[in-house]
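Dear colleague,

I am passing on the structure we spoke about, together with some notes on what turned up when going through it. Please read the notes with the model open beside them.

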Amino acid sequence: MATLPVKLSKGEMISPMFIFESKYRHCMGEYFILQAVIISAVYISILFMIVPAIVLSLSWMLAVYLLVGKGMNWALCLSESNRLMMGYKLKVFFLKFVVGFVLFLAYYILFQILSDASGLLVFISLVYLLVSVCIMLSVDAVIYRELVLSEDKVEEAKPEEAL
């Protein structure tokens, strides 16, 4: 699932079988170390109130995508993600908050309309959950494209500096 926003941001076609490619098996150890570090740090920061946990999770939100997209090691992914998110955390927070609120509001309206048909509501809820996850992954793809891929294009456009 972590590779979906990377592939979407590059405009690549997504095949359901791409998750079995060998290049993803090579970074599984790094992926699990990265996830353990992120989860541990965010849970510990929750002890200091909720705001540091939100800031830390926003700082490191691109780390997994950098790991699978650029092949960096887990420690470099954390520092690079933090560097890329400098100055954008508030914008990303509000973007994700607004998209999440709109999705919640749409689900609430749908729930109120279909509250009489319980069997249909369960099916619609599952489909809606799948669509919501796809939308949120698409938001992550846009963030990745704007912060990571646009920076790569700027670096490629710079002329080589002479020694």
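Lys-96 counts as partly exposed at 24% relative accessibility, where buried means under 20% relative accessible area, exposed over 50% and partly exposed in between, with a 1.4 Å probe and protein chains only. Lys-96 forms a salt bridge with Asp-140, and the closest N and O atoms of the two are 2.9 Å apart; a salt bridge here is a side-chain nitrogen of Lys or Arg within 4 Å of a carboxyl oxygen of Asp or Glu. Because Asp-140 lies in helix α8 and Lys-96 in helix α7, the pair ties together parts that are 44 residues apart in sequence. Helices (H or I, at least four residues) and strands (E, at least two) are DSSP runs, numbered from the N terminus.

Before going further, please keep in mind that this is a predicted model, in which local features need pLDDT of at least 70 and side-chain atom pairs count only at pLDDT 80 or more, while totals for chains, interfaces and linings use all residues. Residues are numbered from 1 along each chain as its sequence is written, and side-chain values use heavy atoms, with hydrogens and water left out.

As for confidence, pLDDT is the predictor's confidence in each residue, from 0 to 100, and the chain averages 85, with 88% of the residues scoring at least 70. The chain has eight helices and zero strands, and buried residues make up 31% of its 163 residues.

To return to Asp-140, this residue sits in helix α8, which spans residues 118-157, and is buried, with a relative accessible area of 9%. Besides the salt bridge to Lys-96, the Asp-140 side chain makes a polar contact with the side chain of Tyr-65 at 2.7 Å. A polar contact is a pair of N or O atoms within 3.5 Å; within protein, one must be able to donate a hydrogen and the other to accept it, and residues adjacent in sequence count only if both atoms are side-chain atoms. Leaving out residues up to four places away in sequence, Asp-140 touches Pro-5, Met-61, Tyr-65 and Lys-96, contact meaning heavy atoms within 4.5 Å.

The count of salt bridges comes to three. Side chains of opposite charge can pair when their charged atoms come close. One of the others joins Glu-80 and Arg-83, whose closest N and O atoms are 2.5 Å apart; because these two are three residues apart in helix α6, they are separated by about one helical turn. Glu-80 counts as buried at 17% relative accessibility, whereas Arg-83 is partly exposed at 40%. The side chains of Glu-146 and Arg-145 also meet in a salt bridge, at 3.4 Å from N to O, and here Glu-146 is partly exposed at 46%, as is Arg-145 at 36%.

Turning to the nonpolar core, defined as a set of buried Ala, Val, Leu, Ile, Met, Phe, Trp, Tyr and Cys residues joined through side-chain atoms within 4.5 Å, the largest one has 31 residues, of which Leu-34, Ile-38, Met-61, Leu-62, Leu-66, Ile-143 and Tyr-144 touch the most other members. The elements that give two or more residues to this core are α1 (3-9), α3 (28-46), α4 (50-59), α5 (63-70), α6 (74-85), α7 (89-113) and α8, and the largest share, eight residues, comes from α8. Among the residues that Leu-66 touches, again not counting those up to four places away in sequence, are Cys-77, Glu-80, Tyr-144 and Val-148.

Helix α4 has Ala-53, Leu-58 and Ser-59 as its buried residues, and these pack against α3, α6 and α7. On the α3 side, Val-42 is found in that helix and is buried at 15% relative accessibility; leaving aside neighbours within four places in sequence, Val-42 is in contact with Ala-53, Leu-56 and Ser-57.

Cys-77 is buried at 0% relative accessibility, whereas Cys-134 is partly exposed at 42%.

With best wishes
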